[in-house]
Amino acid sequence: MHYRSALARVHGLGSAKSGTSHWWMQRVTAVALIPLSFIIIHFINTCFETNFQQISEWFASPLNSASMIAWIIAVFYHSALGLQVVIEDYVAHEGSKIILIWSCNLFFSFLALLASVAVFRIILIG
Amino acid sequence: MAHKNDRPTSPHLQIYKLPPTGIISISHRITGVLLSFGLIFFVGLLLSVAGGPDSFETMQNLMRISLLQLIYWGFIYALFFHLCHGIRHLIWDAGQSFDRETMNRFVMVELAASILLTLVVFVFLS
């Protein structure tokens with residue numbers, strides 16, 4: 001059944017774009033972040049209190065470094081998805097909206113990359 | 001066309017008194033945006049470890065400033081609040097507990113749980 005006019009479909013406006021996968025991935029990353037958050041908070045607290053050697057050893061454990069990489073992937077994805085919704089809700093102008101969402105996605109992708117490179121550097125050198 | 005002005009307007013945010021569920025809902029969004037910005041500091045922390053013992057020590061000295069410690073624990077509380085209300089969203093997504101009493105009760109549960117989790121982490125994981 002086609003409820004929309006041919007012109008509306010050609011314009012590709014409204015629903016049936018990629019809304020479902022956006023919504024779904026927001027939930028999948030949210031669930032992943034529940035246990036990972038505790039590990040990362042513990043890591044940050046350790047960073048403030050122990051010496052450099054102990055942090056290097058923390059990263060040497062595969063379970064820890066894998067958790068760190070998993071957190072980086074999930075948290076930056078989750079943030080970018082969430083900020084996209086906020087931008088879509090408050091920015092009415094179509095052009096500004098698209099530019100803001102793109103900038104936001106690029107910025108968070110770069111942050112995720114920067115964090116990953118830092119982790120690999122710590123693992124290889126630390 | 002004159003009668004158009006007599007139509008009821010939707011309650012404006014400055015006038016409309018938000019119910020507890022509404023305050024919690026907007027707080028979820030605000031904490032989400034704040035936590036996204038907090039990720040920049042998280043990347044900074046990883047970079048300080050990747051930079052070696054010297055930059056790591058600089059970061060540790062910086063984090064001894066009480067104001068920064070206070071901001072850090074503010075972020076941790078924001079994270080737990082966001083996590084608790086996030087679980088609430090997952091329960092809603094499962095299609096459950098939309099009645100008013102349950103929603104209002106959950107407001108108190110979320111607030112209590114987020115404070116409790118922050119305290120537990122402060123005592124046991126730091």
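# Helix burial and packing

Trainee: Which residues are buried in helix 5 of chain A?
Mentor: A:Phe108, A:Leu111, A:Ala112, A:Ala115, A:Ala118, A:Val119 and A:Ile122 are buried there. Buried means that 20 or more other C-beta atoms lie within 10 Å of the residue's own; 12 or fewer is exposed, in between is partly exposed, and C-beta atoms are placed from the backbone. Helices (H or I, at least four residues) and strands (E, at least two) are DSSP runs, numbered from the N terminus.

Trainee: What kind of model is this?
Mentor: A predicted one, where local features need pLDDT of at least 70, side-chain atom pairs count only at pLDDT 80 or more, and totals for chains, interfaces and linings use all residues. Residues are numbered from 1 along each chain as its sequence is written, while chains are lettered from A and ligands numbered from 1 in the order in which they are written.

Trainee: Back to helix 5 of chain A. What do its buried residues pack against?
Mentor: In chain A, helix 3 (52-60) and helix 4 (62-90); from chain B, helix 1 (20-50). Contact here means C-beta atoms, placed from the backbone, within 7 Å.

Trainee: How many Å apart are its end C-alpha atoms?
Mentor: 46 Å. The expected span is 1.5 Å times one less than the number of residues.

Trainee: At what angle do helix 4 and helix 5 of chain A cross?
Mentor: Roughly 170 degrees, with axes that come within 9 Å. Axes are lines fitted to C-alpha atoms, for helices over the stretch in contact, and angles run from 0 to 180 degrees between N-to-C directions. That makes the pair roughly antiparallel. The cut-offs: under 35 degrees is roughly parallel, over 145 roughly antiparallel, 65 to 115 roughly perpendicular, the rest oblique.

Trainee: Which residue classes make up that contact?
Mentor: 17 nonpolar, five polar and two charged residues. Nonpolar covers Ala, Val, Leu, Ile, Met, Phe, Trp, Tyr, Cys and Pro; charged covers Asp, Glu, Lys and Arg; the others, Gly among them, are polar.

Trainee: What does chain A look like overall?
Mentor: Five helices and zero strands. Along the sequence the pattern reads α-α-α-α-α. Of its 126 residues, 20% count as buried. Among contacts between residues at least 6 apart in sequence, 71% join residues at least 24 apart.

Trainee: Staying in chain B, how do helix 3 and helix 4 cross?
Mentor: The axes of helix 3 and helix 4 (residues 100-124) come within 9 Å and cross at roughly 140 degrees. The two are therefore oblique. The crossing is right-handed. A crossing is left-handed if the near helix is turned anticlockwise from the far one by less than a right angle, and right-handed if clockwise.

Trainee: Which residues meet there?
Mentor: From helix 3 of chain B, they include B:Trp73, B:Phe80 and B:Arg88; from helix 4 of chain B, they include B:Phe106, B:Glu110 and B:Phe122. The contact has 11 nonpolar, three polar and two charged residues.

Trainee: How does helix 1 of chain B pass helix 4 of chain B?
Mentor: In a left-handed crossing. B:Pro20, B:Thr21 and B:Ile24 of helix 1 contact B:Met103, B:Asn104, B:Val107 and B:Glu110 of helix 4.

Trainee: New topic. What is the phi of B:Ser97?
Mentor: Positive, about 50 degrees, although B:Ser97 is not a glycine. Most residues other than glycine have a negative phi. B:Ser97 lies in the loop between helix 3 and helix 4 of chain B. B:Ser97 is partly exposed because it has 13 other C-beta atoms within 10 Å.

Trainee: And B:Pro8, buried or exposed?
Mentor: Exposed, with 5 other C-beta atoms within 10 Å. B:Pro8 sits in the segment before helix 1 of chain B.

Methods:
Contact = placed C-beta atoms within 7 Å.
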